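Hi everyone, thanks for making time for this.

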Amino acid sequence: MITSRPILASTLLALLLPPICTRGDTASDAIARATAAVQAAVPRAQSDPARPIFHVTAPAQWVNDPNGPIFHNGYYHLFYQLHPFSDQSGPKYWGHVRSRDLAKWEHLPIAVWPSVEAGESEIWSGCCTINGLGEPMIFYTSIAPGKPAQTHAEQWAAIGDKDFITWHKSPANPVLSEALHGGTKIYEWRDPFIFNDHKRTFLVTGGNLNNTKGGQATVNIYEAKNPGLTEWEYRGVLFQLPDPGARTAECPNFFKLENEWVLFVSPYGKVQYFLGDFDAGTCRFKSRVNGLLDYGPNFYAPNTMQVPDGRRIVWGWVNGFQSGHGWNGCLSLPRLLSLSRDGALRQSPAPQLTKLRGKGVAWRNMPKEIGGKSWVLPATNTLEISANIDLQTATGITLDLKAGTSTEPRVTLNFSGSEIKLGDSRAPLDLGKDKRTLRLRIFVDRSVLEVFANDKVCFTKTIPVFDGVPTLEIRAEGGMASAKLVEAWPMGTIW
Ligand code: FRU
């Protein structure tokens, strides 16, 4: 179970607090009030030195899952779960940002709001697509006031204008209701995600079949019956999570990557991925390989976008911040997904992120430096470090990031031949063919740390903000090693 879960808090709040919108509100009233609440918190949020500058977040207030990532008409659109009225979890809306290049982003008006007059109190996670009539369409989970999400949820849709700025609720709502399931009860039924296969359109949702007791977390599949995507047929359980401890499946993403079908699931714990085969006839998925998307403590509920060249990018929710600063939560960096030659999932920072680099420093082939000398990094707390280390005869490597005069490292990474460790988080890491090259990309964005090791292991973690000039120390253990290339850049803002 991850900490700072939005579910319990937001469900409780929905039950205890009167709805923020009142009956009779128009969409524009509801959005105006939410926008004003976000704006009022902006000065506080922006003056907080811990707030990241090169990770997507709302102008202020609470953010959780990335929603509906989609590339359309030259823009990368990204929505996110937003509680506009505080920097803690509460009734959700959809915030919206867009980018031309995945490096620079702009904020857009709040996209989707709870239609209180139509019986909604929260707008939960979902996806965005262009339907068969050419209309931009958002699918999301609609939560009704006073009804627990565990047992009551519906999947609703909103239709957008061609620029994705203004949205109206589909007159066909709910587009998927529990009646579709016949005698099957799906608990925690939510988080629609759409995919196409051979001209057919499918949608998956998360949930579980045993009242969240564990062992029956499922990804459920539906097939569209009309081009407007308002009529659906339930095709059963695409996949049941093998983990007996998994209580439910949140935010499923199901897509084809190169020749593999890939499933991401957030099971109230570390995000799992599965690679395998999809049989569109039976609508069943068989997994051959599985693993964790991120081994750090603060990455959850990822969502993916297919980009124009056919590749796929993923963002997750970075959680674990303190409330009381006018903002709380951001999205991870965009990560490019690929498969290795041996068919395993790889993640690397989106190449466009290099546009955010300022003037860097570099050291090459420094066998002696590895003995414990500190390298002085650009004097900032928003930086990227790239280190290619040749293990030579060493059996392990320790990398310490320090800040200012403090002797205690702020970040320590240990590699011990087959495992990499960041604090309490451990991940198996096979260096591959040559068994010698450890490639690290480390991003520090004030209170957010993201680490990529050989594109095989990622860690996302919130950290105390560095004060003073950061320094790097790399030590070899059990033998000699060389830092073939160490580079560091100050990183600029995405806004
Ligand atoms: C994942 C999640 C989703 C839900 C949303 C509500 O963090 O619990 O399952 O739709 O957050 O904010």
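**A walk through the model**

Let's start with Glu384: its relative accessible area is 0%, so Glu384 is buried. Buried here means under 20% relative accessible area, exposed means over 50%, and partly exposed is in between, using a 1.4 Å probe and protein chains only.

Before I go on, a word on what you're looking at. This is a predicted model, so local features need pLDDT of at least 70 and side-chain atom pairs count only at pLDDT 80 or more, while totals for chains, interfaces and linings use all residues. Residues are numbered from 1 along each chain as its sequence is written, and side-chain values use heavy atoms, with hydrogens and water left out.

Back to Glu384. Its side chain meets that of Arg357 in a salt bridge, 2.9 Å from N to O. By salt bridge I mean a side-chain nitrogen of Lys or Arg within 4 Å of a carboxyl oxygen of Asp or Glu. Glu384 sits in strand E25 (residues 382-390) and Arg357 in the loop between E22 and E23, so to speak two distant parts of the chain, 27 residues apart, linked by this pair. Those labels are DSSP runs numbered from the N terminus: helices are H or I with at least four residues, strands are E with at least two. Arg357, at 25% relative accessibility, counts as partly exposed.

How many salt bridges does a search of the whole structure find? It finds 25. One of them joins Lys355 to Asp101, with the closest N and O atoms 3.2 Å apart. Lys355 is in the loop between strand E22 (345-349) and strand E23 (361-366), and Asp101 is in the loop between E3 and E4, so this pair ties together parts that are 254 residues apart in sequence. Lys355 counts as exposed, at 55% relative accessibility, whereas Asp101 counts as buried, at 19%.

Then there's Glu250 with Arg190, where the closest N and O atoms are 2.7 Å apart. Glu250 is in strand E13 (residues 250-257) and Arg190 in strand E9 (residues 187-197), 60 residues apart. Are these two buried or exposed? Both Glu250 and Arg190 are buried.

Now a sheet. Five strands form an open sheet in the order E4-E3-E2-E1-E19, with mixed pairing. Strand E4 (105-112) and strand E19 (327-328) are at the edges with a single partner strand each, so one side of each has no neighbour in the sheet. Two strands count as paired if DSSP finds at least two bridges between them. Strands E2 (residues 75-83) and E3 (residues 93-99) run antiparallel and are joined by seven bridges. In that pairing, Phe79 stands opposite His96 in E3.

What about disulfides? The count is zero, where a disulfide is a pair of cysteine sulfur atoms within 2.5 Å. Take Cys128: the closest cysteine sulfur, in Cys127, is 7.5 Å from its own, too far for a bond. Cys128 is buried too, with a relative accessible area of 9%.

Last stop, Pro244, in the loop between strand E12 (232-240) and E13. Pro244 counts as exposed, at 63% relative accessibility. Leaving aside residues up to four places away in sequence, Pro244 touches Gly214 and Gly215, where contact means heavy atoms within 4.5 Å.
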